[in-house]
Amino acid sequence: MTAPPDDCLARNEWICGAYLSSRREILIDAVLQHLQLTVASVAIALLIAVPLALAARRWRWAAGPVLATTTVLYTIPSLAMFSLLLPLYGLSAALVIAGLVLYSLTLLVRNILAGLRAVPEETRQAARGMGYGPLRLLLAVELPLALPAAMAGLRIATVSAVSLVTIGAIVGHGGLGNLIYSGMNTYFKAQVLTASVLCVLIAVAAELLLLGAGRLLTPWTRRQA
Amino acid sequence: MNTLSDTWSWLTTAAHWSGPDGVWHRLGEHLFLTAVCLLISCLIALPVALVLGHLGKGGALAVNLSNVGRAVPTFAVLVLLLLTPIGTHGQWSTIIALVLFAVPPLLTNAYVGMREVDRDVVRAARGMGMTGRQMLVGVELPLALPMILTGVRIAAVQLVATATLAALAGGGGLGRIITAGFNLASTPQVVAGAILVAVFALLVESLFEAGQRLALQRGREAA
């Protein structure tokens, strides 16, 4: 009988190079799944949030119910949210995405609405005076001016989504959360720490990426800063 | 819908409410965890935020802390703490994780509230010969109170959510009903647990909102 190898895996150390090299495939798969879940849910939330925010601004009576509903959704703890969706989606990635969409929606609708409302009335009147129709006013004047607030919402929503994906581990679709969950059950320290650090790195990268994108999209705000 | 009626019958079965795995016991654990950790977090965060806000220092720290808190997954912190030596001391890993996530909103809101107090009012108070302590307690604190209370409300809701997650890492609370439901592959139990958690969270939110409104109303009447 051969003696067990005396490396950091056998000693169950927190930081372990052998873990990184021997589990590279698993880690890459988990990161990719994590990114897919995050991007899909934030993208869907954005597609729903823009019309909702526009509707809430266009029809004053719609603003109250839209904001109240999203606030209630945001108050529900993530584990409960995923569980409530279980009868609808079963143990699937769609469940995790649906849950994350509901959370991101709140942040996006609020920020886009705040951005649209902050457009000065004079600017709107000036554009109308120059002969801008409603659609052109929206696309060329109002949306660009609402962009900084909307981007701030998008950043918060994306970073939160990266962190919330881990809870998807409860249904087996949690990206890096799956590794944290299985690492907890097997008391595998290197796996838990590596997956957690990767999670934070993804969040930081997403934040920086969106900050950069925001600066590129709103060149006029750079001169003031 | 079938799940709905199954969930209803789960919730109306008396046996599910009593005993060490029953709803009442789990609710008690959840309430206890939330209340104790809210108290600890307030004792840690509020004095620091008030002093920093009064001195006008450490603003970057107070604001960035919230961003960091958002980027770090709650679940990861719960599991990491569980695997450290702290994890062997019962509830302590859960309590530490809960406090860690309740401190940022408290700190940020209280700090911003203190800084947003009208500078003219502060200067007037100083001109009247008030000492730093008098200004802090008599002028800045009352004016910053709405923001401080908002921070407390956000922290309380955050605590309820984190305490739910603690069940995934072996902690107590209402989340245990959900995780037990997943282990039993019992959708009605999962949904019933989720409804209980959601109702509890919404109750806490509206309770704090009402308390906030009451406190501000009292303050306005006293003024």
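1. The side chains of Arg124(A) and Glu142(A) meet in a salt bridge, with 2.6 Å from N to O. A salt bridge here is a side-chain nitrogen of Lys or Arg within 4 Å of a carboxyl oxygen of Asp or Glu. Arg124(A) lies in helix H7 (residues 121-129) of chain A and Glu142(A) in helix H8 (residues 134-165) of chain A, so the pair ties together parts that are 18 residues apart in sequence. Helices (H or I, at least four residues) and strands (E, at least two) are DSSP runs, numbered from the N terminus. Both Arg124(A) and Glu142(A) are buried. Buried means under 20% relative accessible area, exposed over 50%, and partly exposed in between, with a 1.4 Å probe and protein chains only.

2. A note on the basis of these values. This is a predicted model, in which local features need pLDDT of at least 70 and side-chain atom pairs count only at pLDDT 80 or more, while totals for chains, interfaces and linings use all residues. Residues are numbered from 1 along each chain as its sequence is written, chains are lettered from A and ligands numbered from 1 in the order in which they are written, and side-chain values use heavy atoms, with hydrogens and water left out.

3. Over all chains, the rule gives 10 salt bridges.

4. Two salt bridges of chain B can be set side by side. Asp120(B) and Arg123(B) meet through their side chains at 2.9 Å, N to O, in a salt bridge. These two residues are three apart in helix H6 (residues 119-127) of chain B, so about one helical turn separates Asp120(B) and Arg123(B). Glu205(B) and Arg153(B) also form a salt bridge, at 3.8 Å, N to O. Here Glu205(B) lies in helix H9 of chain B and Arg153(B) in helix H7 of chain B, so the pair ties together parts that are 52 residues apart in sequence. Glu205(B) and Arg153(B) are both buried.

5. Among the contacts in chain B with a separation of 6 or more, 74% come from residues 24 or more positions apart; contact means heavy atoms within 4.5 Å.

6. The interface joins 34 residues of chain B to 36 residues of chain A by contact. The area buried between chain B and chain A is about 2,900 Å², and carbon and sulfur atoms give 85% of it. Buried area is the accessible area (1.4 Å probe) that two parts lose on being put together, summed over both. Across this interface of chain B and chain A the rule finds zero salt bridges.

7. Which helices supply the side of chain B that touches chain A? Helix H3 (59-71), helix H4 (74-83), helix H7 (132-166), helix H8 (175-183) and helix H9 (187-222) of chain B each supply at least two residues of it. H9(B) gives the largest share, 10 residues. By class, this side of chain B has 26 nonpolar, six polar and two charged residues. Ala, Val, Leu, Ile, Met, Phe, Trp, Tyr, Cys and Pro count as nonpolar, Asp, Glu, Lys and Arg as charged, and the others, Gly among them, as polar.

8. Thr164(B) lies in helix H7 of chain B. Is Thr164(B) buried or exposed? Thr164(B) counts as buried because its relative accessibility is 0%. Leaving out residues up to four places away in sequence, Thr164(B) touches Pro77(A), Leu79(A), His30(B), Gly175(B) and Val197(B). Ala180(B), in helix H8 of chain B, is partly exposed, with a relative accessible area of 27%.

9. The UniProt record (unreviewed entry) places "transmembrane region" at residues 31-55, 67-86, 92-114, 135-156 and 190-208 of chain B. UniProt positions are given in the numbering used here, feature names are shortened, and annotations may be inferred rather than shown by experiment. Residues 135-156 of chain B are 100% helix and 0% strand, with end C-alpha atoms 28 Å apart. Residues 67-86 of chain B are 75% helix and 0% strand, with end C-alpha atoms 26 Å apart.
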